[in-house]
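Subject: Structure handover

Hello,

Please find the structure below, followed by notes on what was found in it.

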Amino acid sequence: MKPFTTLISIFFITFLCSPSFSQTLTMKDLVLTDGLFYKKFTSSPFTGEISGNKSGEFVSGKKEGVWLFYHKNGQVSWKGSYKNGKEEGPWTLKSKNGQLEKKVNYKDGQKTSQEDYLNGQLSEIERWKDGKKEGLSESYYDTGQLQLSV
């Protein structure tokens, strides 16, 4: 009978400690130290998911994969990806009513281009290199026609 009781106890402890019963964490539960995120009062970089007004995944203390940032009304504001803690690939910004406002592309945490939208229409395109505007910038009329290329 004792082995059976021990087995049942181990089962319940394992079951209760599984991720489905773990507490949901938010960014407020984490601290940033030397470029890595830690769960408060721990010494190991955090690996896991967070939710709340920001949702995404951490791997060894760094943001990884798709992240969502939310307006107070629950609509997604920013959506983009991280690779090894740095922004990577396309990011989009939407207004509180869901209308596209901005598209930004990143490579290894550096902005490479930005498109601004006004009332859902493309209004400006900028190119970036090493964190600075570089090359042609284009402005557009409300009709979508090119207004200025500098």
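Two strands are said to pair if DSSP finds at least two bridges between them. Helices (H or I, at least four residues) and strands (E, at least two) are DSSP runs, numbered from the N terminus. With that in place, one example is Trp67, which stands opposite Gly80 in E6.

This is a predicted model, in which local features need pLDDT of at least 70 and side-chain atom pairs count only at pLDDT 80 or more, while totals for chains, interfaces and linings use all residues. Residues are numbered from 1 along each chain as its sequence is written, and side-chain values use heavy atoms, with hydrogens and water left out.

Overall picture

The protein chain has one helix and 13 strands. Of its 150 residues, 25% count as buried; buried means under 20% relative accessible area, exposed means over 50%, and partly exposed lies in between (1.4 Å probe, protein chains only). The protein chain exposes about 10500 Å², of which carbon and sulfur atoms supply 55%. Such accessible areas come from the Shrake-Rupley method with a 1.4 Å probe, and for residues only the protein chains shown count as cover. Among the contacts with a separation of 6 or more, 9% are between residues 24 or more positions apart, where contact means heavy atoms within 4.5 Å.

Strands and hairpins

Strand E1 (residues 30–33) pairs with E2 in the antiparallel sense over four bridges. Leu32 has Phe37 in E2 as its bridge partner. The hairpin of E1 and E2 has two residues between the strands, and Asp34 takes a positive phi near 50 degrees there.

Further along, strand E4 (residues 54–59) and strand E5 (residues 62–70) are antiparallel and pair over five bridges. Here Ser55 has Leu68 in E5 as its bridge partner. Two residues lie between E4 and E5 in their hairpin, and Ser60 in the turn has a positive phi of about 50 degrees.

E5 is also joined to strand E6 (residues 76–83), antiparallel, by six bridges. Leu68 stands opposite Lys79 in E6. This second hairpin has five residues between E5 and E6, with Gly74 in the turn at a positive phi of about 95 degrees.

E6 in turn runs antiparallel to E7, with five bridges joining them. Lys79 stands opposite Thr92 in E7. In the hairpin of E6 and E7, two residues separate the strands and Asn84 has a positive phi near 55 degrees.

The nonpolar core

A nonpolar core is a set of buried Ala, Val, Leu, Ile, Met, Phe, Trp, Tyr and Cys residues joined through side-chain atoms within 4.5 Å. The largest one has 13 residues, and those with the most contacts inside it are Met27, Leu30, Phe46, Ile50, Phe58, Trp67 and Trp91. E5 and E8 are the elements that give two or more residues to this core. In soluble globular proteins, nonpolar side chains tend to be buried together.

What does Met27 contact, leaving aside its neighbours within four places in sequence? The partners are Phe37, Ile50, Lys54, Phe58, Lys63 and Trp67.

Phe41 sits in the loop between strand E2 (36–39) and strand E3 (48–50). Its phi is near 70 degrees, a positive value in a residue other than glycine. Is Phe41 buried or exposed? Phe41 counts as exposed because its relative accessible area is 87%.

Asp130 lies in the loop between strand E10 (121–129) and strand E11 (132–133). Asp130 is not a glycine, yet has a positive phi of about 55 degrees. With a relative accessibility of 61%, Asp130 is therefore classed as exposed.

Gln99 belongs to the loop between strand E7 (86–94) and strand E8 (100–107). Its relative accessibility is 35%, so Gln99 counts as partly exposed. Neighbours within four places in sequence aside, Gln99 is in contact with Leu93, Lys94, Asn119 and Gly120. From Gln99 to Leu118 the C-alpha to C-alpha distance is 9.1 Å, and the two are 19 residues apart in sequence.

Regards
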